[in-house]
Amino acid sequence: MSFDLVFFGGTGDLTWRKLMPALFQAFRHGKLAADGRILAVARDERSDEQYRAFIQERFSGVEPSKRPSDEEFARFAQLLHYRRMDLSRPEDYAGLKGWLDERSADTVVLYLATSPHLFPLICAQLGAVGLNGPSVRVVLEKPLGHDLASAQQINRVVRSAFQESQAFRIDHYLGKPAVQNLMALRFGNALFEPLWRRESIANIQITLAEDLGVGTRGGYYDTTGALRDMIQNHALQLLTMLAMEPPSTSDADAIRDEKLKVLKSLKPFTAESVARDVVRGQYRAGTVAGQPVAGYLDEVKVPPDSRCETFVALRTEVQNWRWAGVPFYLRTGKRLAGRDSHIVINFRDVPHPIFPGSSHANKLVIKLQPEDGLELHLLAAKGNANNEMLSPVSLDLDFDKAFPTERVGAYERLLMDALAGRLNLFVRSDEQEQAWRWVEPVLNTWANDPTPPRPYAAGSWGPPASSALVARDGCAWAEEA
Ligand code: BG6
């Protein structure tokens, strides 16, 4: 199957930081057809050779085991091409079409790795020039809009040029092996499903913690904030996978229909519940991994009076028979104590304790990153004495050890899926719009609230109000339990 893969935003951060290294891995793994063409499109004038040199230079920032040797890069570079385009000029799209038509590849993937405000313009132009035939797919990078109205506007334009089955909306969390394992855990094994409900589960916690600050992205981040950057997409996608009903098949739409139902069942926020159930924070100077780091307000391109949140913790519920009354806690933040993304399923206490001491309920910890694995926490007797207190023990499963061959990274997986036309790990427009619908009352309440986000020291786990949010229900975050 021949392919042409076009990157709009071909000299941008995302392209050289994530997409090119992922493509190189696919190339190294022998997954890219030798006659495939990868075309980077951007506004400045460069030759293919100059673009190849630009990419090779940037590979020096990639971790050593994933960096090409000169010989490997020379072979990979044969696939790379560059084309100058002014995205506002219809003639430039006609030129692109001419380049693609030269050989009519079986598959043409057009990857929009530009700022999202350009998506409507690009999609409309692609449609107008006829670059939307059945062999064409369009990949849209997040952020997909800024709120419900802008997301709908993007979707309207995408729909006017492409079928839904041609639109691949990326949420790179769905490409992570650990996240795909969530589906495998629930629907490939019969063990947990009977317990996966309100009768057995007390609460569910999703933590997506980063130790990095906003770095050089202060300009983007300050108009985005943690709710839009991580909760509306990554955290909600994880929640849907945890809470969805078993789909009847593994087809993309069977899965996405079930995920959409979860999003529609989330308890809607009101101004009162935002004040009670959502905590927003902003980091101050502190220490991360032994190094002093600046506060958010001192980061490059961040206004000194910014009220942008770099931390969010919230409590919600899925209002259906399976989950009624079970709190789902979501939290994410920059400059937290460590890079640590995990899900904790806290099971209920035994109904009638017969052993001495306080009973620790069972929990299943799904580790997403940096490690990828499962821990099942149980209680066991050492057998040393009569009437002894039970001791906590855990069954640990490390997927990197279980699968010793190299595992495929998120972008590599998603790029290969887009080339193969597999939609399972991409977000459908109605899911994405429903997620915006759910976060919007929070955004609106904050916009009208003069109180600034709560400060927290860099290197901590966020403002104390985050612990208080879960303590209200008698729960604690994993690091405090
Ligand atoms: C991106 C956000 O979607 O995800 C970034 O825009 C964030 O702010 C990143 O750092 C986190 O991704 P990962 O894969 O490192 O957890």
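Lys334 is buried, at 5% relative accessibility. Its salt-bridge partner is Glu210, with the closest N and O atoms 2.9 Å apart. This is a predicted model, and the salt-bridge count comes to 37.

**Bridges across the chain**
- The Lys334–Glu210 pair ties together distant parts of the chain, 124 residues apart: Lys334 is in the loop between β12 and β13, and Glu210 is in the loop between β7 and α8.
- Glu210 is partly exposed, at 21% relative accessibility.
- Asp4 and Arg103 also pair up, with their closest N and O atoms 2.8 Å apart.
- That bridge spans 99 residues, from strand β1 to the loop between α4 and β4.
- Asp4 is buried at 0% relative accessibility, while Arg103 is partly exposed at 29%.

- Arg413 and Asp417 form a salt bridge at 3.2 Å, N to O, and sit about one turn apart in helix α13.
- Asp417 is buried at 2%, whereas Arg413 is partly exposed at 29%.
- Asp253, Arg256, Asp257, Arg428 and Asp430 join up in a salt-bridge network.

**The arginine without a bridge**
- Arg228, in helix α9, is buried but has no salt bridge; Asp147, the nearest side chain of opposite charge, is 5.7 Å away.
- The Arg228 side chain does reach the backbone oxygen of His146, at 2.6 Å.
- Beyond its sequence neighbours within four places, Arg228 has contacts including Glu309, Trp436 and Leu443.

- Leu378, Val393 and Leu395 make a nonpolar patch of about 240 Å².
- Val393, from strand β16, is partly exposed at 38%.

Conventions
Residues are numbered from 1 along each chain as its sequence is written. This is a predicted model: local features need pLDDT of at least 70, side-chain atom pairs count only at pLDDT 80 or more; totals for chains, interfaces and linings use all residues. Side-chain values use heavy atoms; hydrogens and water are left out. Helices (H or I, at least four residues) and strands (E, at least two) are DSSP runs, numbered from the N terminus. Buried means under 20% relative accessible area, exposed over 50%, partly exposed in between (1.4 Å probe, protein chains only). Lys and Arg count as positive and Asp and Glu as negative; His and the chain ends are not counted. A salt bridge is a side-chain nitrogen of Lys or Arg within 4 Å of a carboxyl oxygen of Asp or Glu. A polar contact is a pair of N or O atoms within 3.5 Å; within protein, one must be able to donate a hydrogen and the other to accept it, and residues adjacent in sequence count only if both atoms are side-chain atoms. Contact means heavy atoms within 4.5 Å. Patches are made of residues with over 30% relative accessible area and no salt bridge: like charges are joined within 9 Å, nonpolar side chains (Val, Leu, Ile, Met, Phe, Trp, Tyr) within 5 Å. Accessible areas come from the Shrake-Rupley method with a 1.4 Å probe; for residues, only the protein chains shown count as cover.
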